[in-house]
Amino acid sequence: METLVKTINGWTPPSPEKCNPIRITQVKSETDSTGNLQIKKILSVKMKFELEWKFISKSTAQRIMKELSDFNALVTYEDIVTGETKSGRFYPGDYQPVPSLTYQNGEMLYKSFPLNIIEK
């Protein structure tokens, strides 16, 4: 699968099995007297990626989390609207590695490693 996330702090992670882009738009809004939503101001537009790797080595998963550990990782990604390459500062959201009984070269592989990254 070709991933939309290209690099994290200049490092190219392995291609995930899943890469779902989510565009988050935060607005200030009110409902008028007839019940219609009135958008007063767009506060921010940012990206969130739901990523998931299958049978990824423990050391690679640790590297991914190390790159995101300062909550200010520079992520290069493909914009879902324009197709252009963009960069932004991201932090890790939820992640839940699922251990496996499978080993490769003496190292445990995670059966699944889902992770969300959210633009600041």
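**Close-up views of the predicted model**

**View 1. Glu 30 is partly exposed at 43% relative accessibility (under 20% is buried, over 50% exposed, partly exposed in between; 1.4 Å probe, protein chains only).** This is a predicted model, where local features need pLDDT of at least 70, side-chain atom pairs need 80 or more, and totals for chains, interfaces and linings take in all residues. Numbering runs from 1 along each chain as its sequence is written, and side-chain values use heavy atoms, without hydrogens or water. Glu 30 pairs up with Lys 40 in a salt bridge, the closest N and O atoms being 3.9 Å apart (a side-chain nitrogen of Lys or Arg within 4 Å of a carboxyl oxygen of Asp or Glu). The two sit 10 residues apart, Glu 30 in strand β2 (residues 18-31) and Lys 40 in strand β3 (strands are DSSP E runs of at least two residues, helices H or I runs of at least four, numbered from the N terminus).

**View 2. Lys 6 and Glu 78 make another salt bridge, with the closest N and O atoms 4.0 Å apart.** Here the partners are 72 residues apart, Lys 6 in strand β1 and Glu 78 in strand β4. Lys 6 is partly exposed at 28%, and so is Glu 78, at 24%. A search of the whole structure turns up five salt bridges.

**View 3. Glu 52 in strand β3 is buried, at 15% relative accessibility.** Its side chain meets that of Lys 54 in a salt bridge of 3.2 Å, N to O, and Lys 54 is partly exposed at 41%. Glu 52 also touches Ser 112, Phe 113 and Pro 114, among others beyond four places in sequence (contact: heavy atoms within 4.5 Å).

**View 4. Phe 49 is one of the residues that touch the most other members of the largest nonpolar core, which has 23 residues (buried Ala, Val, Leu, Ile, Met, Phe, Trp, Tyr and Cys joined through side-chain atoms within 4.5 Å).** Leaving out neighbours within four places in sequence, the contacts of Phe 49 include Val 5, Tyr 77, Phe 90, Leu 115 and Ile 117.

**View 5. Val 27, Leu 37, Ile 39, Ile 42 and Val 45 make a nonpolar surface patch of about 450 Å² (over 30% relative accessible area, no salt bridge; nonpolar side chains joined within 5 Å, like charges within 9 Å; areas by Shrake-Rupley, 1.4 Å probe, only the protein chains shown counting as cover for residues).** Strand β3 (residues 37-57) gives the most, with four residues. Ile 42 lies in that strand and is exposed, at 55%.
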